[in-house]
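Here's a quick rundown on how two protein chains meet. Have a look at the model first, then read on for the contact details.

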Amino acid sequence: MPEIREYIPIVGQSVIDELFFLAEKLEGKTVQNINSTAVGGGVAEILTRMIPLLRELAVDAQWDVIKGDGKFFSITKKFHNALHGVDVVITDEDFSYFVEVNHSNAENMNFLGDILFIHDPQPIALIDKRKEVGKNWIWRCHIDFTKPKPDVMDFLKLYIRRYDCAVFSAPAFSRNLTIPQVLVSPSIDPLSDKNRELPKDIIDSVLERFDIDKERPIITQISRFDYLKDPLGVIEVYKRVKKYADCQLVLAGGGATDDPEGLKVLEEVQSAAEDDPDIYIIFLPPSSDIEINALQSASTVILQKSLKEGFGLTVAEALWKGKPVIASAVGGIPLQIAHKYSGILTYSIEGTAYYLKQLLQDPDYARKLSVNGREHIRNNFLITRHIRDYLLLFLSLYYQDDVVEL
Amino acid sequence: MNFSFYFKTYFHLVKLLRIRAKNPRELLTGIKKVPLSSIYYHTHRFLQQHHYLSPEPPNDFAYWLTNILNLRDLGEQFYGVDTIHFHNLRELRSAFITILEKYLSKSGRNTKCAEGYEFHFMSCTTFVLPTPYVAHNIGEFAEIIRKISPNSLYYHIFEARMRLERDENDFSAWLKGIGYANIAQEVSRFDPYTITLEGLRKKTIGIIERNARD
C-alpha cells in the first residue's frame, strides 16, 4: 500500500500538510469502521487503502467486520436490489433474521471507538447498541438509492434516524431524514494499478495483445455489458462519427458470466458490431486493472454513455488519465464534469456523436477539456480529498456552528 | 502591537438539505428558505472546485438554469449578478429573489426539468485552521503567497469578506494596516470572482513586486 508522502508529487505538499493539521485535531479519538466484508467490493477496497493512510496521519482508525451466514447475505443482497429499485419479496422473517444477526454481532463486538462509522445497510442495526455503549454514530451509505423500494427504505429509516448523521455519495441519494445528511463523494486512488501512470511499453503491449492499432484514434467505453451502460448506443455513435473521422472503437468491461442478461447484451453488441474490424469488444475478467488502465491511457476520447449510473467513477478514472470525456448527464457524472469546461455532458446518441466528431477534429479543444478535467479530479476526486472529508466529518460531530475555528 | 499576518486555511464539509427544485418557482422557494450558508455554497462552489478554470466561474443557479432548464435569458441574469458588490449573503439572496420574482411575474414560464436533473440545495460547514505560515513584513508576505494552498488563498480573499462579513479581504486589511495603502487599494480593487485562484495569486504578487520596484 502506498504511504501518504507518496501522494505529495500528485496533490502537492500543502494538501498533505493540511491533512496532518486536520488529523491532529482528532488526537485521542478512535474511529471504528464497521462493514460486512474484509475483501471484495468497493467498501472493502476503499477501507483497505484508507485505514493505513489514516493511521499514518496519526488517526486511531480501526476496522471490524460483522459475521453472517449465507442466509443473512442473501437477505442483504435482496435489500441491495430493493434499494436499487428492483422488485424483490422480503418477508417479515427476513427482516427478523437480519436484526437477529446484527444483534448477535453487537453482543460479540468490542465497541472501542469514540466514533462508530458504520458502512452500508448490512451492519445498520448495530445502532441498537447505542443506549448501552453511547459514543458518536455515523451511517455511511455507499449505495445509489435514488428510487428505493418503500418497504426496505422504511425499515432502514427506523435505524438511520438514530444515528448522529448519514453520509451519501451524491445529492440525489439523500432521503427525507430527521438527522443531518452529509455529502462525501467517492474517490479514486492515483497510485492504484487502475490509475497509476503506466510505462509506455505496458500500454503498447496491452494494445498489441488485443490487436488495436496505436497509430489511429481510439474511442473507448469501459463498462460492464449492461443495457444501462448503453453499449449499443455507443456503437451507433461510432458509426455516425466514422463517416467523418477515422477511428477505432473499444468496448471493454466485465460482467458476471452467470448473468443471463449480461450475456444477451454481449451477444447483441457483437451482432451490432457486425464484421467491422475497427470495433473491439473485450470481455475482461475481474482483476484486469492494468488492462483497463492501459486501454484508457491509450484512448483519444473516452465515452461513458450510461442511461443510469451510480456515481460513475470510470469518468474520474478517464479524466485523471488526461483524456477528453463525453458522458451522459446521469447519476454522479455531472459532479465530475462541468459541461464544456472539464468534459462534455450529453443526453442522446445525436449529441454524443456531434461532440465526439468535434473532439476528434479539434484536438486543441479536446486538450483544453482534458487538462481541466484532470485538474478537477486532482482537486476533488482523489483519495486525499476523500480522507479530508472524512476527517471533517468526524470533527463535525464535536461542533455545531456553521463556521468552526479549530 | 503585533503586525504579523497569520495565514489560515479552510475546508468545507458539504451538507445535503434535501430541498430540491424542478422549476424556477421551486428554485425561488428554495432560495428563500435555505440557510445563508447554502447561498454561499452555491455562489462559491465553482470557485473552489474549478479554481483553474478561467474566466467564467458561474454560480450553481446560473449553471442549472442555463444548462439544465435551457432558460438562457434567466440564466444570463444569474450569471450577471456581480457578487463582488454584495457585502453580505442576505443582500445576495435578495438579488436572486428579485430576478426570479420579476421573471415569473413577467413571463410566467415555469419550465420543469426532466426527472433526475433537479437542483439540489446544499450548504456547508466551514472549518478554519491556522497554518504555520506567518509574515512579519511585505517581503515575507509575498514569499508565503507563492507557496500557500489555494484553500488558504481562497479563505483570505473570499471567505473572510462574504461569509464572515468583513469589509474587505484580509490581505487588503493587513497591507493597509502596515502602511501600504496604495497596494491595499489595488488588491481590494480587483474582482476575484472573474479570475482563477492561481491568477489571483500571480496578480497579488505582481502588485507587491511592482510597488516594491517603484
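## Where chain B meets chain A

In this predicted model, 40 residues of chain B are in contact with 41 residues of chain A. Put together, chain B and chain A bury about 3,600 Å² between them, and 59% of that is on carbon and sulfur atoms.

**Polar and charged links**

- Counting residues that are both at pLDDT 80 or more, 16 residue pairs are in polar contact between chain B and chain A.

**What chain B brings along**

- Five elements of chain B each put at least two residues into the side that touches chain A: the strands β1 (5-21) and β2 (119-135), plus the helices α2 (36-49), α3 (60-67) and α7 (150-163).
- The top contributor to that side of chain B is β2(B), which hands over eleven residues.
- Sorted by class, the side of chain B that touches chain A comes out at 20 nonpolar, 13 polar and seven charged residues.

**Strand pairing across the chains**

- β2(B) also pairs with a strand of chain A: three bridges link it to β13 (residues 403-405), and the two run parallel.
- For a specific spot to look at, A:V403 has B:T126 in β2(B) as its bridge partner.

Technical notes:
Residues numbered from 1 in each chain as written. Chains lettered and ligands numbered in written order. Predicted model: local features only at pLDDT ≥ 70, side-chain atom pairs only at ≥ 80, totals over all residues. Heavy atoms only, no water. Contact = heavy atoms within 4.5 Å. Buried area = accessible area lost by both parts, 1.4 Å probe. Polar contact = N/O pair within 3.5 Å; in protein donor to acceptor, adjacent residues only side chain to side chain. Helix = DSSP H or I, 4+ residues; strand = E, 2+ residues; numbered from the N terminus. Nonpolar A, V, L, I, M, F, W, Y, C, P; charged D, E, K, R; others polar. Pairing = 2+ DSSP bridges.
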